[in-house]
Amino acid sequence: MWGKNTRNGAEIAINEINATGGILGRKVEIVYEDSKGIPNDAIAGVNKLISTSKVQCIIGDVTSSDILAVAPICEKNKIILLNFGVSADITKAGDYIFRNWNSSVSDAKFTSAFATKNYKKIVVLYQNDAYGLSSKESFVNGLNGKGVEIVYTGTFEREQTDFRTLLNTFKSKNYDAIYIASYYKEALNVLKQCKTLNVRFKAILGTSEWEEGALTEFVKTNFPDKVFYGYPLPPDSTIPIRKHFVDAYIVKYQKQPEILCDNGYDAILMLKYGIEKSNSYDATKIKDALYTLKNFQGASGRMSFDSNGDVDKPFGLRNITNQGLIWVR
């Protein structure tokens, strides 16, 4: 889903750019490879894009494990990798590695701050990969010295579907909230099995990767007002580029844009900025130009790259009520 959403947004940007003559007088083409969320497939795809398609810039991946697997390849070959991962390790992944999504540090900042104000005893569960571990560590670091006790820490594998043993291990313990560092599919299965096993909690705290329709619908009916997670704050709907993107997306796809759609759109515009700024299609020159990108207004927000190629966007806290998603003020 995330990859398709990114592709949908990117294609709107490409079509708009090509309709006005392209970039530096050349029409732009996107060549796709599907990592399937598997690091070995991501490596094969990136190698093909570099050796066969001769690309200078790659957009993606959307999962941290894949990004960390391919980043050394892109860095060695001096190919730009503009990705959407959250692992804190991506910050130091290389000079050619940029990302248009906040790191797990930004995400956990909000959930841990919320947790320290409202809960004294927390269960911590995390997905056993680069993303899950990084998110868990950032969240736990945010609790340190704040009078919060972690009563149990448990881990699980990505794509795991049966969580009954894990849930039964801690369900009788004394805790207030559960923090889960996972993607939305694993989170949804955990929530469904919490319902089946009657696991009690005052709140469940998650990550920005939980922004997904099926999870929202389940929580609306079964755990309204109990699920919270950090998420990038979108720009005001009246900002011209935001309004333009949303309108164009609805016209093309007959639905509202979802997670990463606007980021895919913005990734193309950011690369366009780098190409035009450097007046070149050479990756090294584009890379140097991207580091000058400051206060760039995109459909997903106002963005600047720091010295590590990380983007910093305003973050907020989401809650799912019986009416749907709201921002916690």
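**Aromatic pairs and a helix contact**

Modeller: One aromatic cluster is formed by W2, Y131, Y183 and Y184. The model is predicted, so local features need pLDDT of at least 70, side-chain atom pairs count only at pLDDT 80 or more, and totals for chains, interfaces and linings use all residues. Residues are numbered from 1 along each chain as its sequence is written, and side-chain values use heavy atoms, leaving out hydrogens and water.

Biologist: What kind of aromatic pair do W2 and Y183 form?

Modeller: Rings of Phe, Tyr and Trp (its six-membered ring) pair if their centres lie within 6.5 Å; planes under 30 degrees apart count as stacked, over 60 as edge-to-face and the rest as tilted. W2 and Y183 are 4.9 Å apart, centre to centre, with 75° between the planes. The pair is edge-to-face.

Biologist: How many residues apart in sequence are the parts that this pair ties together?

Modeller: W2 lies in helix α1. Y183 lies in the loop between β6 (177-181) and α7 (184-197), so the parts tied together are apart in sequence by 181 residues.

Biologist: Are W2 and Y183 buried or exposed?

Modeller: Buried means under 20% relative accessible area, exposed over 50%, partly exposed in between (1.4 Å probe, protein chains only). By that cut-off, both W2 and Y183 are buried.

Biologist: How are Y249 and Y253 separated in helix α9?

Modeller: Helix α9 spans residues 240-253. Y249 and Y253 are four residues apart there, so their separation is about one helical turn.

Terms used
Helices (H or I, at least four residues) and strands (E, at least two) are DSSP runs, numbered from the N terminus.
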